[in-house]
Amino acid sequence: ERGMFIDVLGHELRTPLTPMLASVGILQEILPPETPGVQTKLIDLIYGSTQTMAQRLEELLDVARYSRGSFKLNIKPVNLREFFREVIARYRPTLDLNQNELVIELQADLPIVDLDPSRMEQVITNLLSNAAKYGKEGSKIYFKGGIEDSTMTVNIRDEGKGLSPEDVKNLFKPYHRAEQDRKLPGLGLGLTICKQIIEAHGGKIWAESQIGKGSTFSFTVPVKIFNE
């Protein structure tokens with residue numbers, strides 16, 4: 001089975017990657033200040049490339065786990081307002097690099113709900129990353145989060161070029177790359193993994209887009225609401 005093969009291969013590849021990352025990280029820390037710039041750049045390049053390899057590997061493993069039914073969530077009570085703000089704060093420096101203005105609209109009095117915060121952050125940061133990637137430099141990205149009838153809803157909208165109906169239809173399929181995305185690095189698994197995470201929570205994720213009018217990615221997740 002392909003899922004089993006990827007799982008076994010992934011774990012074999014992860015074994016040498018972990019000490020590689022640790023070793024290069026230590027090298028970066030112990031380099032004397034007088035180290036020639038070319039050597040520093042080479043070490044930074046090795047570290048960045050190794051991190052990318054590790055990230056791609058985790059993406060493959062996630063897809064394999066889901067196909068085998070071994071994709072697990074760590075559900076816990078989460079203060080939704082604090083969660084949204086912390087995730088956005090951690091990702092904001094990346095948006096600032098592209099000079100994107102983030103417009104945030106959070107429902108008042110967001111409750112404590114049950115979800116996997118690590119996996120949900122993975123979804124939100126992936127969608128924010130797509131919005132920054134497809135949006136024009138200096139454009140606005142709109143983030144909206146709320147709860148209605150025990151269902152959490154998140155919408156992320158960009159002001160980019162938009163996507164064709166064919167791309168919208170295939171966005172969440174493994175290894176699919178949108179037309180405007182095909183020259184960029186990546187496996188085309190980010191949105192597939194988002195879909196897996198949302199569906200594992202019992203929710204739905206979708207995209208709406210028009211050429212020249214940007215895109216909106218939305219998801220809904222049923223949640224249990226806790227009284228404080």
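Contact means heavy atoms within 4.5 Å. The model is predicted: local features need pLDDT of at least 70, side-chain atom pairs count only at pLDDT 80 or more, and totals for chains, interfaces and linings use all residues. Residues are numbered from 1 along each chain as its sequence is written, and side-chain values use heavy atoms, with hydrogens and water left out.

The chain holds 6 helices and 8 strands. Helices (H or I, at least four residues) and strands (E, at least two) are DSSP runs, numbered from the N terminus. Along the sequence the pattern reads α-α-β-α-β-β-α-β-β-α-α-β-β-β. Among contacts between residues at least 6 apart in sequence, 71% join residues at least 24 apart.

Two strands pair if DSSP finds at least two bridges between them. S1 and S3 (residues 112–115) pair over 4 bridges in the antiparallel sense. Lys 76 stands opposite Leu 115 in S3.

S6 and S7 (residues 215–222) are joined in the antiparallel sense over 6 bridges. Phe 219 in S7 is the bridge partner of Ile 205.

Of the 228 residues, 41% count as buried. Buried means under 20% relative accessible area, exposed over 50%, partly exposed in between (1.4 Å probe, protein chains only). The chain exposes about 12,900 Å², and carbon and sulfur atoms supply 54% of it. Accessible areas come from the Shrake-Rupley method with a 1.4 Å probe; for residues, only the protein chains shown count as cover.

Ile 26 lies in helix H1 (residues 2–30). At 48% relative accessibility, Ile 26 is partly exposed. Ile 26, Leu 27 and Ile 30 make a nonpolar surface patch of about 280 Å². Such patches take residues with over 30% relative accessible area and no salt bridge; nonpolar side chains (Val, Leu, Ile, Met, Phe, Trp, Tyr) are joined within 5 Å, like charges within 9 Å. A salt bridge is a side-chain nitrogen of Lys or Arg within 4 Å of a carboxyl oxygen of Asp or Glu.
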